[in-house]
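Good morning, colleagues. Please take a moment with the sequence and the model, and I shall then speak about salt bridges.

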Amino acid sequence: YRQCSSWHHGTMTSVAAMEGQLRELKEKAAASAVVLRGLIEKGSEIEAKVQSKRNIRPMVLELRSEAATLTGKLVDSSTVVQQVVESVRVLDKAQANTRKALDRTVDVVGLKSCVEEVSTAMAHEEWEQAATSIQRYLHVAPEDSVTEEAALQSLQKSLEELRRVVQEKCQDAAEARDQAAVVRFCGLMTQIGLEMDGVSRFTQFLGMRVQAGAEEHVAGLKSMVNMGATGGNVALYAKALTSVLEVAASAVAEGEELMHKNFGPDGHQQMVQVVYSKAAPSIADVLELMYNTKSVKAKISKYRDATQLDHKVALELDVLLEEISLCLQRLEQFNWFLASKLHAAKGDAIPSSANDLPRVVAIDVKKAELISGYIPLEEAFLRHSVEKAIRSNHHDTDDDTKTSVVVDEVFFVLKKCTRRALATSSVNAMGDVIMYVHQLLVTTYKDALEATLAATQGTGGELAGQVSAQL
């Protein structure tokens, strides 16, 4: 029984194992079938691709054949293009030679008739046409023809004659003060090889016009002074100086466009310098006339150390100082105007100073005299005004309130004189006046203010001490 049972158990185990193996085989068979089907499908695709490539191969061969044919055609076309380019170059050269020959023919033919045309134009005073004709044919190089050589020599003589006539006409126009004619002939000089002469003549004409206009204003000023005119509230000398400067500035503005058009920046610079040099004597005359007529030197000797001034004298000094400051200010503005014109002609930026103008000794001397007189007179006026304000200091009493106007009066005078010194544009005048203002503040004004504060009741003494410490 035990053996039978053991055998039966073993047999059952073997059957189960075999069934498991059979199931495993079936699963593998199913998987293999799936793989096989996939391979069959891929094989169909591969076969289709192979067949497609077999069909493409003849097309590739055909494309290669067409590419070789196209390459050959391109090579042939490139050769043709090079031939065309060479032909065009030859044609261009032939055209240039033809044009040159044609121009030469025109020049030769025109040269033979040019002399007569120039003579006719000059006879009718058509100077521009004559100059244009000469400039057109004067460059023609003669060949072996004796006629051409003779025509060129005659044309050269006509050019010399035209230069002489234009110079004479320009001189006559300048003497007659005919500006339109001067402009015409000076501009014509640039066409006949007389550029520098044209610049010089035009600038000299402007300079003479400026000189005449400026001298006329100076003569008018002298006439008024001789008749006893003082100007009253009108700054007589500053007005005359302004008129002189306006004459020069107007001439520069008028000539600026013409100089740029015909002569360029070099001519513009020369014009500005000539105009300034011609106006300079009249400018110096106005400054000298004011210095002498106003007795500036005598006033310096009389009032330099004066501690008190008569009321009328103080008013006269105030008017004189205002006019001196105004004259110096106008002159500085004019110098800046001319300096800006010089820099504009050069194409530079705005000038940093007005010192680029040529130095004129007469103007520099008269300016120095005025400034040397202005400084002591301004100091005398300052000293008188501050001390007058301190002396006339009063208190307006209203109950317990006490006020003083000395501060307002003193600082009004100091501000007025300081601004007047700044308007002169003179470093010496500005420096001396500002230093003197400082001296008055720390001495005369300080002492007066301390005394005023100390005289008040209550905290006056303490306040005076604080002010003294601040000053």
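This is a predicted model: local features need pLDDT of at least 70, side-chain atom pairs count only at pLDDT 80 or more; totals for chains, interfaces and linings use all residues.

I begin with Glu322, which is partly exposed at a relative accessible area of 36%; by this scale buried means under 20% relative accessible area, exposed over 50%, and partly exposed in between, with a 1.4 Å probe and protein chains only. Salt bridges that share partners join Glu322 with Asp318, Glu378, Lys416 and Arg420 into one network. A salt bridge here is a side-chain nitrogen of Lys or Arg within 4 Å of a carboxyl oxygen of Asp or Glu.

Residues are numbered from 1 along each chain as its sequence is written, and side-chain values use heavy atoms, with hydrogens and water left out.

Which residue meets Glu322 in a salt bridge at 3.1 Å, N to O? The partner is Arg420. This pair links distant parts of the chain, 98 residues apart, with Arg420 in helix α11 (residues 406-423) and Glu322 in helix α9 (residues 311-346). Helices (H or I, at least four residues) and strands (E, at least two) are DSSP runs, numbered from the N terminus. Is Arg420 buried or exposed? Arg420 counts as buried, because its relative accessibility is 3%.

Two further pairs each lie within one helix. Arg89 and Glu86 form a salt bridge at 2.5 Å, N to O. Both residues belong to helix α1 (residues 2-123), 3 residues apart, about one turn of the helix. Arg89 counts as partly exposed at 46% relative accessibility, and Glu86 does so at 38%.

In helix α5 (residues 195-226), Arg201 and Asp197 are 4 residues apart and therefore separated by about one helical turn. Their side chains meet in a salt bridge of 3.1 Å, N to O. Arg201 is partly exposed at 22%, and Asp197 is partly exposed at 21%.

Let me close with the whole chain. The count of salt bridges comes to 13. The protein has 13 helices and 2 strands, and buried residues make up 34% of its 471 residues. Of the contacts (heavy atoms within 4.5 Å) between residues at least 6 apart in sequence, 71% join residues at least 24 apart.
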